[in-house]
Amino acid sequence: TASFQTSTIIYDGTYWFCERFLDPRSRMTDQMVQAARSGRQNNAEGSRAAATSSQTELRLLNVARASLEELLLDCEDFLRQRRLPQWAPDSPEARAVRNVPQNYKKDRADQSDLTDLTDRERWALYAPWLESDDPAVRANALICLIHQANFLLDQQIAAAEARFVEEGGYTEQLATARLAERQRKRKRNDQTDQSDQSDQSDVTPQCPRCGSAMVLRTVKTGQNAGKQFW
């Protein structure tokens with residue numbers, strides 16, 4: 001998916017950003033790389049889970065979304081704590097990164113988009129920013145890409161929620177089928193019980209003294225214990 005491909009660029013860009021500008025042994029490096037990795041891996045796992053369980057798909061996509069949100073805050077913290085500028089959303093720099101997919105498609109006669117490219121080809125389109133010697137440029141480019149990935153994930157999550165409400169995945173369909181089968185068996189057993197009760201009422205003798213229906217009892221003590229009588 002487009003969100004997974006964007007998450008791949010973010011993961012690679014974060015790894016090399018931390019390798020270049022942060023202490024590799026620092027807690028922040030570990031957290032940023034792990035957040036970027038989680039955003040990518042849970043996205044992929046969520047897409048694979050879609051065929052079997054919509055509930056699992058939703059959970060994994062939301063984990064991916066939360067991980068990228070955490071990475072976004074780390075990038076913003078990096079800029080703020082070093083007193084480096086953060087691009088405004090409508091700045092020329094931010095628009096240039098944001099418009100890479102549109103510009104690529106516009107320049108293609110066949111109207112193909114970034115999803116048709118290899119990972120290396122997609123990376124090359126963002127390399128002017130993600131391979132910059134200026135840490136502020138790299139961090140800001142990552143922020144732009146994270147916003148794009150989150151936008152795409154929000155659309156995926158909304159679509160998955162709609163599918164889950166409407167029909168669920170394979171696992172949910174099995175659960176529904178099991179419940180339906182239980183209800184069918186319960187209804188059949190209820191009908192059998194009612195039939196048995198009806199049959200029993202047909203053979204219940206009447207009291208020879210008053211004419212009322214007699215009641216079946218079981219002897220509890222004595223030599224006839226366990227035997228039944230009217």
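A disulfide is a pair of cysteine sulfur atoms within 2.5 Å. By that rule, this structure holds zero disulfides. The model is predicted. The protein has 230 residues, of which 33% count as buried. Eight helices and two strands make up its elements.

**Overall layout**

- From the N terminus on, the order of elements is α-α-α-α-α-α-α-α-β-β.
- Consider the contacts between residues at least 6 apart in sequence: 63% of these join residues at least 24 apart.

- In general, a disulfide is a covalent bond between the sulfur atoms of two cysteines.
- Cys18 has its closest cysteine sulfur in Cys75, at 7.9 Å. That is too far for a bond, because the cut-off is 2.5 Å.
- Cys18 is buried, with a relative accessible area of 1%.
- For Cys207, the closest cysteine sulfur is in Cys210, at 3.8 Å. This distance is also over the 2.5 Å limit, so the two sulfurs are too far apart for a bond.
- Cys207 is partly exposed, and its relative accessible area is 22%.

**The largest nonpolar core**

- This core has 43 residues. Phe17, Leu71, Tyr126, Trp129 and Leu130 touch the most other members.
- Seven elements are listed as giving two or more residues to the core: α1, α2 (27-49), α3 (54-81), α4, α5 (100-106), α6 and α7.
- α7 gives the most, with 13 residues.
- Trp129 can be followed through its contacts beyond four places in sequence. Its partners there are Trp87, Ala96, Val97, Val100, Val137, Arg138 and Ala141.

**The largest pocket**

- The volume of the largest pocket is about 490 Å³.
- Its lining has 23 residues. Nearest the pocket centre lie Arg98, Pro101, Cys144, His147 and Gln148.
- By type, the lining divides into 13 nonpolar, seven polar and three charged residues.
- α1 (2-21), α4 (92-98), α6 (119-130) and α7 (135-166) each supply at least two lining residues.
- α7 gives the most to this lining, with seven residues.

**Gln156, a residue of α7**

- Gln156 is found in helix α7.
- Gln156 has 17% relative accessibility, so this residue counts as buried, for which the limit is under 20%.
- Setting aside residues up to four places away in sequence, Gln156 touches Thr1, Ser3, Asn43, Ser47 and Leu61.

**Arg83, a residue with positive phi**

- Most residues other than glycine have a negative phi.
- Arg83 is not a glycine, yet its phi is positive, at about 55°.
- Arg83 is found in the loop between α3 and α4.
- Arg83 counts as exposed because its relative accessibility is 76%, and exposed means over 50%.

Notes
Residues are numbered from 1 along each chain as its sequence is written. This is a predicted model: local features need pLDDT of at least 70, side-chain atom pairs count only at pLDDT 80 or more; totals for chains, interfaces and linings use all residues. Side-chain values use heavy atoms; hydrogens and water are left out. On a 1 Å grid over the protein atoms alone, a cavity is a set of points where a 1.4 Å probe fits but cannot get out, and a pocket is an open set with protein on both sides within 12 Å along at least five of seven lines; lining residues have an atom within 4 Å of a point. Grid points are joined across faces, edges and corners, and a volume is the space filled by probe spheres set on the points. Helices (H or I, at least four residues) and strands (E, at least two) are DSSP runs, numbered from the N terminus. Ala, Val, Leu, Ile, Met, Phe, Trp, Tyr, Cys and Pro count as nonpolar, Asp, Glu, Lys and Arg as charged, and the others, Gly among them, as polar. Buried means under 20% relative accessible area, exposed over 50%, partly exposed in between (1.4 Å probe, protein chains only). A nonpolar core is a set of buried Ala, Val, Leu, Ile, Met, Phe, Trp, Tyr and Cys residues joined through side-chain atoms within 4.5 Å. Contact means heavy atoms within 4.5 Å.
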